[in-house]
Amino acid sequence: MPDLAEALETHFGFSEFRGGQREVIECLLADRPALAVFPTGGGKSLCYQLPAVLLEGVTLVVSPLIALMKDQVDTLQELGIAAARLDSTLSSEEAMAIYDQLYHGTLKLLYVAPERLANENFRARLAKTRLSLLAIDEAHCISQWGHDFRPSYRRLQKLREELPNVPMLALTATATNKVAGDIIHQLGMKNPKGFKGSFF
């Protein structure tokens, strides 16, 4: 396993991990799925961004918030990390440029909204892409017991069927026992490791 502290400083400029981050990252690098329940501002994004830099291939990040995707992509690009987002605000030319990067394997992180998963052309492109990790942000949105259920998140079930061997990280700031169990069930996570929640 790579020296995570060194990688953290090299790529992100941080001298130490916040509570729980290293453990989640080690779990993913060991090819085991994880469910992380960290408070807002608790550093959830680093849990997939650092593995994305270290692993071969592209990390696909599913997020419902375009503004958050834009902020994260802008920050990653400023750090020199190849990141992009596909959302409804992009022109067709901008989208095609990102697909070109995806095809040539030059991206490390690609952010998409869950609605994008309904696009068969997009899923066909993913099937030809070397994916290193699938990160599901705001994962409580897949649960009918969650406070912000979004039917579009159920499309992740189809994506999971098409990409059964890609390691997965589900992230949320809040999850009851019932919601956590439903997230694991809906995403088809096999023996995931859980972090930072009383229900573990």
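How many disulfides does a search of the whole structure find? The search finds zero, a disulfide being a pair of cysteine sulfur atoms within 2.5 Å. Cys27 is in no disulfide, and the nearest cysteine sulfur, that of Cys47, lies 10 Å away. For Cys47, the closest cysteine sulfur is in Cys27, and 10 Å is too far for a bond. Cys27 counts as buried because its relative accessibility is 6%, and Cys47 counts as buried at 0%. Here buried means under 20% relative accessible area, exposed over 50%, and partly exposed in between, with a 1.4 Å probe and protein chains only.

The model is predicted; local features need pLDDT of at least 70, side-chain atom pairs count only at pLDDT 80 or more, and totals for chains, interfaces and linings use all residues. Residues are numbered from 1 along each chain as its sequence is written, and side-chain values use heavy atoms, with hydrogens and water left out. The average pLDDT (the predictor's confidence in each residue, from 0 to 100) is 90 for the protein, and 98% of the residues score at least 70. Helices (H or I, at least four residues) and strands (E, at least two) are DSSP runs, numbered from the N terminus.

Strand β4 (residues 109-112) pairs with β2 in the parallel sense over four bridges, where pairing requires at least two DSSP bridges between two strands. Val112 in β4 stands opposite Val62. Four bridges also join β4 to strand β3 (residues 83-86), and these strands run parallel; Tyr111 in β4 is the bridge partner of Arg85. In β4, Leu109 and Tyr111 point one way, Leu110 and Val112 the other way, and all are buried.
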